[in-house]
Amino acid sequence: MDKVTRDYTELGNGSINYAAMLSNIDQDALQYYYIEQGSNFAQNSMKSIADSAEFFKKNLKQYL
């Protein structure tokens with residue numbers, strides 16, 4: 001969620017603290033996870049999802 005417009009944005013650019021959320025989940029109950037890019041993107045949809053995936057790999061995957 002974008003900090004200003006509250007619309008979709010890439011992982012790492014928004015206001016949601018995913019590290020805090022993911023560090024408290026029951027990993028045994030998690031079977032799948034998805035990274036989704038909404039209709040709002042900085043440059044284009046493929047660049048935005050690539051940026052989100054890269055942020056996930058570097059900063060969030062460790063929690064899963």
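In the predicted model, D28 is exposed, with a relative accessible area of 75%. This residue belongs to the loop that runs between α1 and α2. Along the chain, D28 and S45 are 17 residues apart, and their C-alpha atoms are separated by 32 Å.

Helix α2 covers residues 45-59 and includes S48. With a relative accessibility of 1%, S48 counts as buried, because buried residues have under 20% relative accessible area. When neighbours within four places in sequence are set aside, the contacts of S48 are with E10, Q37, F41, A42 and Q43.

Under the rule applied to ring pairs, the model holds 1 aromatic pair. The pair is formed by Y33 and F56, whose ring centres are 5.1 Å apart and whose planes meet at 35°, so it is classed as tilted. Distant parts of the chain are linked by this pair, since Y33 lies in the loop between α1 and α2 and F56 lies in helix α2, 23 residues apart.

The largest pocket has a volume of about 650 Å³. Its lining consists of 30 residues, and those nearest the centre of the pocket are L11, Y18, Y34, E36 and L60. By residue class, the lining of the largest pocket comprises 16 nonpolar, 10 polar and 4 charged residues. Both α1 and α2 contribute, each with at least two residues of this lining. The most is given by α2, which supplies 4 residues to the lining of the largest pocket.

Backbone geometry was also examined. Most residues other than glycine have a negative phi. R6 is not a glycine, yet its phi is positive, at about 60°. R6 is found in the segment before α1, a helix that spans residues 18-22. The relative accessibility of R6 is 59%, so this residue counts as exposed, the cut-off for that class being over 50%.

Key:
Residues are numbered from 1 along each chain as its sequence is written. This is a predicted model: local features need pLDDT of at least 70, side-chain atom pairs count only at pLDDT 80 or more; totals for chains, interfaces and linings use all residues. Side-chain values use heavy atoms; hydrogens and water are left out. Buried means under 20% relative accessible area, exposed over 50%, partly exposed in between (1.4 Å probe, protein chains only). Contact means heavy atoms within 4.5 Å. On a 1 Å grid over the protein atoms alone, a cavity is a set of points where a 1.4 Å probe fits but cannot get out, and a pocket is an open set with protein on both sides within 12 Å along at least five of seven lines; lining residues have an atom within 4 Å of a point. Grid points are joined across faces, edges and corners, and a volume is the space filled by probe spheres set on the points. Ala, Val, Leu, Ile, Met, Phe, Trp, Tyr, Cys and Pro count as nonpolar, Asp, Glu, Lys and Arg as charged, and the others, Gly among them, as polar. Rings of Phe, Tyr and Trp (its six-membered ring) pair if their centres lie within 6.5 Å; planes under 30 degrees apart count as stacked, over 60 as edge-to-face and the rest as tilted.
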